[in-house]
Protein chains: 2
Amino acid sequence: MPTIQDVARRAGVAPITASRVINNNGYASQDVRQRVLRAVEELGYVPNTLARSLRSRRTNTLALILTDITNPFFTTVARGVEDAASDAGYTVIFCNTDENEDEEQKYLNLLLQKRVDGILLVPARSGHGAIQSALAQGVPLVVIDRRVANEPVDVVRCDSEGGAYALTRRLIRSGYQRIALLNGPKGVSTAEDRAAGYLRALAEAGLQEHALVFYGHFTQASGAEMTTRALLHQPPPQALFAANNFIAIGALQKIRELDVRIPEDLALVGFDDLPPALVTFPFLTVVAQPAYEMGQRAARMLIDRLEGRLSGECREIILPAEIIIRQSSGPIHLEEETTP
Amino acid sequence: MPTIQDVARRAGVAPITASRVINNNGYASQDVRQRVLRAVEELGYVPNTLARSLRSRRTNTLALILTDITNPFFTTVARGVEDAASDAGYTVIFCNTDENEDEEQKYLNLLLQKRVDGILLVPARSGHGAIQSALAQGVPLVVIDRRVANEPVDVVRCDSEGGAYALTRRLIRSGYQRIALLNGPKGVSTAEDRAAGYLRALAEAGLQEHALVFYGHFTQASGAEMTTRALLHQPPPQALFAANNFIAIGALQKIRELDVRIPEDLALVGFDDLPPALVTFPFLTVVAQPAYEMGQRAARMLIDRLEGRLSGECREIILPAEIIIRQSSGPIHLEEETTP
DNA sequence: ATACCACATGGTATCGTTACCATACAGGAA
DNA sequence: TTCCTGTATGGTAACGATACCATGTGGTAT
């Protein structure tokens, strides 16, 4: 495989001159430029980024560590990240932890070894280990989607508490009193925030005693399982609030299995919308997060830090969620509302 | 950021000795080993893979270039690749081309610059450009999912022709005569093979004159659009065969919009199953490809080449598809059949 | 004439690691 | 004793690129 030395020799110049032409920085005469470019062409020269990065101490690579790439919400986040990074000339490496902190730490080490310029992290659980490792090595890190406690890092997330509050409130105003929350795991901020919003709306309406929260995982299997438990509760809930899209799908499957009608017998609403390419017909009332924008904003913030356009204090960007009313919630009280 | 020199100095040994301990190859006394490992710990040393790869000429990294990461079929392929690669100690970089040959070529160049050890490619269209580039640089490449003409490369794919033939034949035996194929684009081998299988089954039953093939894209939007056109055809088809999962979803949406009942008024079958986490209830009769296994087998084959366990002649692995009968096809002739 | 700047090119060292070769000692085989 | 082999360690160069500094031209302002 030819090196820049080979190119330089063939063009009759010094390697450093060839480098200048290839990277288009510094001066080069028309004549030299052409000779170098022809040599590149003829030899099929492909620059070696390993060597380049070793010397320049920049890889122009970011990493996105997330918990579940098969979830369309995160796929969309990833697209936002990829687009923003690519616009700024960065490559992105994707890593999937399956909500497992060991995997998270393993990937983080790998990425530090690869000397990525910066890291975007959707933390599994607390994320402490990973965050500490990155900060210790001086690698900038932006957390996406979830809050982390007492860590000096930038965060881009959605207002889970506000979104859950707003949708629960609408359900209550529409006449539902016994609403069960099928939640993600304790210790994950999005799950806790959604529970908090849900509870706030209940409390505000004086319905605390009807609070019914199940903790599980952000998966379809867990959604089905929590649904079974919820429907065994006495008195049974009139509405189910699934804390993410996979839980909602699991609930939907279980409900259909039991021949219960939505929304006549039971209302079902959820967090996170599903892309039109995947859903046969839009039916679920949901709190939709701006997934693409979250990815984009996070990547931009990270790049701003890397390129010195942003320094000092950590920022926290909290984007509003949007409520999309469809059939699964039954007729809904249509008062205008916005999440703060 | 500390280097191996720092570690060596602190442990009182030569850098090369530290290297041997860290990589666990070559000899090292218990005493030295402990001193080095303690120094690593104390300094928070993280090896620099850029330097390592530059010197050793191996990155232990593979790349997977595919056409649509948002498609669960490819997500599953990617998981198979990731798992097999990870077992063998390789990292995978994922790239998404959106069926665009320019993107494909752009990513390929990037990956060559990063000196990945090998490439797994789902070619957009012909894939000629990308395949040529990789071969010219001597980087091993395995093609997944699609045939490529006249290229000396390994291929792992599914028997699209056989799968389409088998399902079409079942539809015919169940009494459907006018079956329309909603296909992907011309020039993509999977689309062409599925059309071939479909036509073979029609021909075998003497139904050539009812052949009705629409060419579009492997997307939901295109599926909806082709459905509209198909239903306007006179006489209208009795069954639709969607050539992939997204086309099937688009068809389903359009059909529901038109208040046509499945399977009473119209049967609908497709290629590629959807994972249970994404589908509210399994309803579509499909030809399912072994996506995970395809990814796994392809990655293993590539790694076998890289590590010299496989050489010479190119291999082509063709995995069988599986037919899964559900409601959308109506009552089906249940004769036992296997695709070759 | 002098000073200065834009343009154009090159030399040398260096990024952090490992390949390759060399050295040295202990202990068993011949 | 000599020779060899396994164990243990180190020196030097090289992977391929660029940072940094140096040098030399020609033109223009003073």
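Predicted model: local features only at pLDDT ≥ 70, side-chain atom pairs only at ≥ 80, totals over all residues.
Buried residues make up 52% of the 340 residues in chain A, where a residue counts as buried if 20 or more other C-beta atoms, placed from the backbone, lie within 10 Å of its own. Residues are numbered from 1 along each chain as its sequence is written, while chains are lettered from A and ligands numbered from 1 in the order in which they are written.

Let me continue with chain A. Its secondary structure consists of 12 helices and 12 strands; these are DSSP runs, H or I of at least four residues for helices and E of at least two for strands, numbered from the N terminus. The C-alpha trace of chain A spans about 85 × 40 × 35 Å along its principal axes. Its radius of gyration is 25 Å, whereas a compact globule of 340 residues would have one near 20 Å; the radius is taken over C-alpha atoms, and the globule rule is 2.2 Å times the number of residues to the power 0.38.

I turn now to the pair of chains. Chain B is superposed on chain A by a rotation of 180° with 0.0 Å of shift along its axis, at an RMSD of 0.1 Å. The two copies are therefore related as by a two-fold rotation axis. The superposition is by least squares on the C-alpha atoms of residues with pLDDT of at least 70 in both copies. Within chain B, L50(B) comes closest to the rotation axis, its C-alpha lying at 2.6 Å.

How many residues of chain B are in contact with chain A? There are 35, and they meet 35 residues of chain A, contact requiring C-beta atoms, placed from the backbone, within 7 Å. On the chain B side, α4, β2 (91-96), α6 (101-113) and α11 (245-257) each give two or more residues. Because 100% of the interface residues of chain B are also interface residues in chain A, the copies meet through the same surface.

Key:
Buried ≥ 20, exposed ≤ 12 C-beta atoms within 10 Å, placed from the backbone. Contact = placed C-beta atoms within 7 Å.
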